[in-house]
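Subject: Structure handover

Hi,

Here is the structure I promised to pass on. Have a look at it first, and then read on for my notes.

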Amino acid sequence: MGIIVGPVLKHPEGYGFDVWTVTKGVIPGYPYCRIEDAYYARNAEIRASAQGRAPGAIVCQTLDEFIVKSNGCETLAAA
């Protein structure tokens with residue numbers, strides 16, 4: 001498992017999503033002014049991971065799910 005893609009959320013700067021990787025941890029996403037743009041970028045990230053860039057990607061639909069899965073992976077990566 002190499003990547004976990006978080007849900008699109010509202011931020012003070014706009015809309016965005018975070019990504020967790022084994023090597024870098026949580027990477028904050030770019031802020032988009034339009035929610036449609038954030039979903040487009042998220043879907044592009046998911047498609048790129050499905051094409052072999054990061055095998056075993058997990059896509060989260062809620063913030064709670066993203067937190068649980070990324071914390072669980074950090075524990076596994078540290079072991």
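One cut-off before anything else: when I say two residues are in contact, I mean that they have heavy atoms within 4.5 Å of each other. Also keep in mind that this is a predicted model.

Leaving aside neighbours within four places in sequence, S70 is in contact with I4 and W20. S70 belongs to helix α2, which covers residues 63-78. Is S70 buried or exposed? Its relative accessible area is 5%, so S70 is buried, the cut-off for that being under 20%. The side chain of S70 also has backbone oxygens around it: a polar atom of that side chain lies 2.8 Å from the backbone oxygen of F66, and there is a distance of 3.3 Å from a polar atom of the side chain to the backbone oxygen of I67.

I67 is in helix α2 as well. With a relative accessible area of 39%, I67 comes out as partly exposed, because that class lies between the 20% and 50% limits. I67 and W20 are 47 residues apart along the chain, and their C-alpha atoms are separated by 9.7 Å.

I4 stands opposite W20, which is in β4. The strands concerned are β1 (residues 3-5) and β4 (residues 19-21); they run antiparallel and are joined by 3 bridges. What is the order of the strands in the open sheet? The order is β5-β4-β1-β6, which makes 4 strands with mixed pairing. At the edges are β5 (25-27) and β6 (58-59), each of which pairs on one side only.

Stepping back for the overall layout: the protein has 2 helices and 6 strands, and along the sequence they follow the pattern β-β-β-β-β-α-β-α. There are 79 residues, of which 29% count as buried. If you take the contacts between residues at least 6 apart in sequence, 46% of them join residues at least 24 apart.

V5 is found in strand β1, and with 0% relative accessibility V5 counts as buried, since anything under 20% does. Which residues is V5 in contact with, leaving aside its neighbours within four places in sequence? They are F17, D18, R42, E45, I46, I58, V59, C60 and F66. N43 is 38 residues from V5 in sequence, with 9.6 Å between the two C-alpha atoms.

Next, the cysteines. C33 has its place in the loop between β5 and α1 (35-53). C33 and G14 are 19 residues apart in sequence, yet 4.8 Å apart in space, C-alpha to C-alpha. How many disulfides are there? The count comes to 0.

Last, the aromatic rings. A search of the whole structure turns up 1 aromatic pair. The partners are Y30 and Y32, with 5.0 Å from centre to centre and 75° between the planes, an edge-to-face arrangement. Y30 counts as exposed, because its relative accessibility of 58% is over the 50% limit. There is also a charge over a ring: the charged end of K10 sits over the ring of Y15, 5.0 Å from its centre.

That's it from my side.

Cheers

How values were computed: Residues numbered from 1 in each chain as written. Predicted model: local features only at pLDDT ≥ 70, side-chain atom pairs only at ≥ 80, totals over all residues. Heavy atoms only, no water. Disulfide = S-S within 2.5 Å. Pairing = 2+ DSSP bridges. Phe/Tyr/Trp six-rings, centres within 6.5 Å; stacked < 30°, edge-to-face > 60°. Buried < 20%, exposed > 50% of the residue type's maximum accessible area, 1.4 Å probe, protein only. Lys NZ or Arg CZ within 6 Å of the ring centre and 35° of its normal. Polar contact = N/O pair within 3.5 Å; in protein donor to acceptor, adjacent residues only side chain to side chain.
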